[in-house]
Amino acid sequence: MRASSTWLVYTLALILSLLIGGHLISAHAQPTLKDARLKAELVVAEGLSSPTSMAFVDNNIILVLEKNSGEVRLVSNGILQEEPVLKLEVDTTTLTCCRGLLGIANIENEVFLYLTEPAKDDQPIRNTLYKYQWNEQNHTLVNPKLILDLPATPGPNHPGGKIAIGKDHYLYTVIGDLNNEGQLQNIEDGPEPNDSSVILKISPKDGSSAKDNPFLKSNNNTEQGESQMDKYYAYGIRNSFGLAIDPLTGFLWEAENGDRDYDEVNIVRPGFNSGWSKLMGPISESDVTEEDLVRFPNSHYSDPVFSWSPSLGITDIEFLNSSKLGVQYQNNIFVGDITSGNIYFFKVNQTRTGLTFDNAEIQEDLIADDEEQLESITLGRGFGGITDLETGPDGFLYVLTFDQESDGDGKIYRILPSGDLNI
């Protein structure tokens, strides 16, 4: 590991505590956008508490998750409804950290929720994924079905929770390292795979393994039934607050939150090993070789397509599947961060296997490591702690944030044209 244990603990606590009440972002900052043809307008100005994720269920309704209350809030035509759609019991023993109600996705009125459930009876604390049915008539979530049961310990850091729905209709979700040091964290003599540091690809119907998963029936699996690694799509993941599907290729992309040296944007192909805990950022910038990583059958390491140095607390990633902000933004990438309230913009290259940059220094090493380089990829500032980015049914970009000086008070912004895009 490149950072000391003391530094890791400090950094984890710092970055993740920002999710509910740090003090690095001014509550009075007003969002600004570098492109004068765009503007940010408030959709929801108050009433949300420590929001983590959002999902549209129709053209007018957004469901928003509150991390600590366990409430699913409903925004209808820009108005936050007073009563929650659903209230779930979530672990609240570490309010200054990361457990809670974390991830949501919707596909054809099936709503998926990822949360940390508290210990009860003889059951330990767990990270779980449930499927609900959205009742359009009375705006309720009904018929819960458990489709994924994951560990939450030792933790409490890095429970993951983001969800993406692939073009193949499979569901992807991510869980971080949970402070484990095992084979899935590239420690050769560590514990065997234990459902941490992985991206899982499963059927949204029942949580079963996707039929094309890379580790099906791998050598360390059990002899009968579904094996430990059957659901895994990738491993070596430190901590991720962002998964996104390229709308043209169907490839999965991930925003990975680093310890201190690097944050990353990765293309996640089947069997991807992100390299944690041996490295973050390009392998050429470390003293690690691929021989130092744990290699399972059908696995492969690949460098990030982009890195920030040092780590900034990168959160969500989104492809804008729309031309409403102008063709230069269509099917390209937006990324948010938790510490600065910035939105970063990236153009995907022609083969859609990487990114292309106007800044020659970034294009050379695919790292932004000074203020000038950082400025060249920054589109927006002053949004507060960004936790989610979504393309709305109206084709505009929606930004879920909160003010950390206001005990996690949340807002939703919409980025849209300020006037004629041809000006």
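Q: Which residues have the most contacts inside the largest nonpolar core, and how many residues does this core have?

A: A nonpolar core is a set of buried nonpolar residues joined through their side chains. In this predicted model, the largest such core has 30 residues, and those with the most contacts inside it are Phe 334, Val 399, Ile 412 and Ile 415. Strands S2 (38–49), S3, S4 (61–66), S24, S28, S29 (397–403) and S30 (409–417) each supply at least two residues of this core.

Q: Which residues does Ile 412 touch?

A: Leaving aside residues up to four places away in sequence, Ile 412 touches Glu 41, Leu 42, Val 43, Val 44, Leu 48, Met 54, Val 64, Val 75, Tyr 398, Val 399 and Leu 400. One of these, Val 399, is also listed among the residues with the most contacts inside the core.

Q: How much space lies in the largest pocket, and which residues are the closest to its centre?

A: A pocket is an open set of points with protein on both sides. The largest pocket here holds about 890 Å³ of space; it is lined by 32 residues, of which Asn 106, Ile 165, Glu 318, Glu 390 and Thr 391 are the closest to its centre. The elements that give two or more residues to this lining are strands S3 (51–56), S8 (101–107), S12 (163–165), S16 (240–245), S22 (314–319) and S28 (385–391). Sorted by class, the lining of the largest pocket has 17 nonpolar, eight polar and seven charged residues.

Q: What is the volume of the second largest pocket, and which element gives the most to its lining?

A: The second largest pocket has a volume of about 330 Å³, and among the 16 residues that line it, Phe 345, Lys 347, Asp 358, Ser 376 and Ile 377 are the closest to its centre. Strand S24 (343–348), helix H3 (371–377) and strand S27 (378–381) are the elements that give two or more residues to this lining, and S24 gives the most, with three residues. By class, the lining of the second largest pocket has six nonpolar, five polar and five charged residues.

Q: In what order do the strands of the open sheet of five strands lie, and which are the edge strands?

A: The order in this open sheet is S16-S17-S18-S21-S26, and its pairing is mixed. An edge strand pairs on one side only, and here the edge strands are S16 and S26 (367–368). Strand S21 (residues 306–308) and S26 run parallel and are joined by two bridges, with Ser 307 standing opposite Ile 367 in S26.

Terms used
Residues are numbered from 1 along each chain as its sequence is written. This is a predicted model: local features need pLDDT of at least 70, side-chain atom pairs count only at pLDDT 80 or more; totals for chains, interfaces and linings use all residues. Side-chain values use heavy atoms; hydrogens and water are left out. On a 1 Å grid over the protein atoms alone, a cavity is a set of points where a 1.4 Å probe fits but cannot get out, and a pocket is an open set with protein on both sides within 12 Å along at least five of seven lines; lining residues have an atom within 4 Å of a point. Grid points are joined across faces, edges and corners, and a volume is the space filled by probe spheres set on the points. Helices (H or I, at least four residues) and strands (E, at least two) are DSSP runs, numbered from the N terminus. Ala, Val, Leu, Ile, Met, Phe, Trp, Tyr, Cys and Pro count as nonpolar, Asp, Glu, Lys and Arg as charged, and the others, Gly among them, as polar. Two strands pair if DSSP finds at least two bridges between them. A nonpolar core is a set of buried Ala, Val, Leu, Ile, Met, Phe, Trp, Tyr and Cys residues joined through side-chain atoms within 4.5 Å. Buried means under 20% relative accessible area, exposed over 50%, partly exposed in between (1.4 Å probe, protein chains only). Contact means heavy atoms within 4.5 Å.
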